[in-house]
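Hi,

Here's the structure I promised to pass on. Have a look at it first, then read my notes below.

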Amino acid sequence: MTVPQHPGLRLISRFVLLAVWLSLLAACAHDAGLARPVAGPVVDPMEASMAGEFALQGGQLPEAARHYLDAARAAGDPVLAERATRIALLADADSLARQAWDTWHALAPQPTPDQHMLAASLALRAGRSADARRQLGALYADGNWQMALAALAGAVGKQPKLVVRLLGDAIDGGVLPNDLGAWLGYGGLAERLDQQPLVDRIVAQVVTRFPDDPRVALLRAQLLRQSGKLDEARKVLAALDEPARLVPNLRWALAGEYDALGDPAKAAEVLARGEQDESSYAQRALLLDKAGDTAGLGALYAELKRGATNPNPLRRLLLGQIAELLKHYDEALSWYASVPGERLQSQVRLRRANVLHAKGDKEAAYAALHAIEADAALDDDARRNGYQLEADLRHKDKDVPGEREAFARALAAFPDNLDLLYARAIMWERQDEIAKAEADFRRILVIEPDNVATLNALGYTLADRTTRYREALELIDRARVADPGNAAITDSYGWVLFKLGRRTEALDYLRRAYALQKDPDIASHLAQVLWVLGDKDEARRYFDEARKLDPENRSLLRALQETGA
């Protein structure tokens, strides 16, 4: 696999510092009596870490884990041992992960929640139920139910029956806190495993524990949505309309659930009830734009202009953003110029650059972004956003070298930034550089193993652009556990089922995904599966839907080519 390009000076300086750090650690370990092994070759911690870093960047995960484990043992460093454990688990190298965990535990014998979680993962994947129960019990005892849930979810692909049994034990054993979020998380995992009796037990517990909490109805609606029963979910939500008028938090949650059901217009209507503030106005604008409701957005713009006689910075910034959405570019620039104070000026500068580009003054737009990127007085978020916006605009201009160069400069300035790595991975995939896309996605998962968007994106990429379908399924399964009602993840799951030859199952999930979100990728996948199953009339209908949404969509163009539709 090709190693992505990295700024040489930054890489050298990182490893010079790492060499000094590891040397000091090794010296301290020697002084403390942690002697090196007498036999075997002497490992240079710096060289082993460098080898691990390069292997990781190249997507060679087992090799990376071995090198980091060698470095951890040589330096006596528990941080490197933990890193080796996580990488080995990500690579499905369970034996190596166990060695790394044993080393980590020896170097840091006082158990931490992270140690318990990874030990539980290893025990679950190996089918060692007693060991898994002990490690999960330690997590529950300390209130770390999220970590316990993550360990259970990570073993679904290897030990589904054991996961179901231990999930039931947690539900019936009284170890979960009186926290609706905990019950929702475990209910989602039970739903993912198609354990309806267990889901019913969870719902019964929730009703008993939270009898007067309107969030229980939201839970029921969410579970119905996740199982594809969208009409039933809407009926449950409709019953919440009246209390939602009175309780702001419930109104926001209700709007969020309508948006998840693919009805942003209804979500905006719910948020419009009751007292308004800048947050609700901004969210309504986003929902109306998402719904394509230009008239509604124009009405909101007129309403906010009437209240903009005072110099409220947030209101004026929002008015500029809505003017942008309505393509009133000169008005947008005027609103941005009128935003008082220093606090929002970095956002104003970014928005102004975007408007200049939209007006066709690209040279001025890029000059403004370069000034933001180079302005040391701005905070890191503002400068990083400058790089990201430049890359986005270069993509709009079909400037491939410019887009790549913008990301290279961004990651030189902000190494290992997750948002930038994710955005660059999407760029690599779009440009058919699949190995480089995978390397960036893998890098994110080493830093944040439960990053749902990345799990789904990498799984979908492997399903769509390679033949590594089983690996893709495991990644997408992990994402589904965390967010089972997500339309994009449901689409990815249906697509990998299709690639695995499970066409009828795939069709069910793709229909569910399209019901949740009218999206050209989902419509194209649904059409292709229908075409292969022989239902060409319905397939053409979904191809037409995809064309209406985005005639240049890449999934649509590939599906048309592959089917000859």
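Let's start with a helix pair: H3 and H5 cross in a left-handed way, meaning the near helix is turned anticlockwise from the far one by less than a right angle (clockwise would be right-handed). Before going on, note that this is a predicted model, where local features need pLDDT of at least 70 and side-chain atom pairs pLDDT 80 or more, while totals for chains, interfaces and linings use all residues. Residues are numbered from 1 along each chain as its sequence is written, and side-chain values use heavy atoms, leaving out hydrogens and water.

The axes of H3 (residues 61-75) and H5 (residues 94-107) come within 10 Å and cross at roughly 20°. H3 and H5 are therefore roughly parallel (angles under 35 degrees; over 145 is roughly antiparallel, 65 to 115 roughly perpendicular, the rest oblique). Sorted by class, their contact has 7 nonpolar, 2 polar and 2 charged residues.

Now compare H13 (residues 230-238) and H15 (residues 248-260): their axes come within 11 Å and cross at roughly 160°, so these two are roughly antiparallel. This crossing is left-handed. Arg234, Leu237 and Ala238 in H13 meet Leu254, Glu257 and Tyr258 in H15, with contact meaning heavy atoms within 4.5 Å.

Tyr514 sits in H30 and Tyr542 in H32, 28 residues apart. Both are buried (under 20% relative accessible area; exposed is over 50%, partly exposed in between, with a 1.4 Å probe and protein chains only).

Cheers

Notes
Axes fitted to C-alpha atoms, helices over the stretch in contact; angles between N-to-C directions. Helix = DSSP H or I, 4+ residues; strand = E, 2+ residues; numbered from the N terminus. Nonpolar A, V, L, I, M, F, W, Y, C, P; charged D, E, K, R; others polar.
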